[in-house]
Amino acid sequence: MDVLETIKARRSARSFTDQRLEPHIVEAIKEAILHSPSASNAQESHFVIIQDEVRIRHIKRFAQGLSGVPAAVVVLCSNHQEALARGGADSADTLRFINLGVAASVIMLTAQSLGASSCPVRSFHAPSISAITGLPEEVKPELLISLGYADKPPRPKTSKPPKEMISFERYGN
Ligand SMILES: Cc1cc2nc3c(=O)[nH]c(=O)nc-3n(C[C@H](O)[C@H](O)[C@H](O)COP(=O)(O)O)c2cc1C
C-alpha cells in the first residue's frame, strides 16, 4: 500500500475480532521500531510487545482507555536517564517523548499497511502497567498501542478545515 493511502486508511480501532496477529506483522513491527529515528540517534526508548491473552486482559484492567480485546499491545516506554546520557538535556526533557510519538506513527502505519488496525492509548495506570510488564524503575510506560483486526469499519473522519491547521510561508496564510 502506498504511504499516503496507508496514512489515510489508518483510524483508531476500538473493537477487534479474536484473530491472533500474524507473525509476519509482529516481525515487521519489530523492524519498523528498529528503523524509527530518534533525536541524536539516542535510541533511549524501549518497546514491550505483548501477545499473551492473559497478560492483555490484565493490562486492560489497568488501562481504561483501551477498548476492545486486541490481539497485541505494544507498551512504548521512555528512559529519562538514558535519554540524558545519550542525547543530553533536550532529549531528557522533551525529545524522548517526540521520539515515542514518531515511533508510534511508524508502528501504527506498519500495522495498517499489512492489514491490521491499531489505537494509541494514553489512559492507563502507569505503575500497574510497569508491574505487569516488569519494567525496571528507570523505564516508564508513556503510551500503549493496541493492535488487531477491527471488527467494524471506522466512522468517517472529521477534520478541521485545512486553513485552521496548515499555513504556507507565514501563520494564517
Ligand atoms: C497520544 C494519543 C493518545 C490517545 N489516547 C487514547 C486513549 O486513551 N483511548 C482511546 O480510545 N483513544 C486514544 N487516542 C486516539 C484518539 O482519540 C484518536 O486518534 C482521535 O480521535 C482521531 O481518530 P483517528 O485515530 O481514528 O483518526 C489517542 C491518540 C493519541 C495520538
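This section describes the fold of the protein chain and the surroundings of its ligand. The model is predicted.

The protein chain holds seven helices and four strands. In sequence order these elements follow the pattern α-α-β-α-β-α-α-β-α-β-α. The C-alpha trace spans about 50 × 45 × 30 Å along its principal axes. The radius of gyration of the protein chain is 17 Å; a compact globule of 173 residues would have a value near 16 Å, so the two agree. Of the 173 residues, 30% count as buried. Among contacts with a separation of 6 or more, 81% link residues 24 or more positions apart.

The four strands form an open sheet. Their order is β1-β2-β4-β3, and the pairing is antiparallel. Strands β1 (46-50) and β3 lie at the edges, and each pairs on one side only. From one strand to the next, the twist averages 25 degrees.

Strand β4 spans residues 139-148. This strand is mostly covered, with seven of its ten residues buried. Its pairing with strand β2 (residues 72-79) is antiparallel and runs over eight bridges. Within this pair, Ala-72 stands opposite Leu-147 of β4. Strand β4 is also joined to β3, again in the antiparallel sense, by five bridges. Here Val-121 has Leu-144 in β4 as its bridge partner. In a regular strand, side chains alternate between the two faces of the sheet.

Helix α5 (residues 89-113) lies across β2, β3 and β4. Its direction is at about 15 degrees to β4. Helix α6 (residues 126-133) packs on the sheet and touches β1, β2 and β4. The direction of α6 makes about 80 degrees with that of β4.

The ligand is surrounded by 13 residues. The closest are Arg-11, Ser-12, Gly-65, Arg-122 and Ser-123. Strand β3 (residues 117-121) gives the largest share of this shell, three residues. By class, the shell comprises five nonpolar, four polar and four charged residues.

Notes:
Residues are numbered from 1 along each chain as its sequence is written. This is a predicted model: local features need pLDDT of at least 70, side-chain atom pairs count only at pLDDT 80 or more; totals for chains, interfaces and linings use all residues. A residue is near a molecule or strand if its C-beta atom, placed from the backbone, lies within 6 Å of it. Helices (H or I, at least four residues) and strands (E, at least two) are DSSP runs, numbered from the N terminus. Ala, Val, Leu, Ile, Met, Phe, Trp, Tyr, Cys and Pro count as nonpolar, Asp, Glu, Lys and Arg as charged, and the others, Gly among them, as polar. The radius of gyration is taken over C-alpha atoms; the globule rule is 2.2 Å times the number of residues to the power 0.38. A residue is buried if 20 or more other C-beta atoms lie within 10 Å of its own, exposed if 12 or fewer, and partly exposed in between; C-beta atoms are placed from the backbone. Two residues are in contact if their C-beta atoms, placed from the backbone, lie within 7 Å. Two strands pair if DSSP finds at least two bridges between them. Axes are lines fitted to C-alpha atoms, for helices over the stretch in contact, and angles run from 0 to 180 degrees between N-to-C directions.
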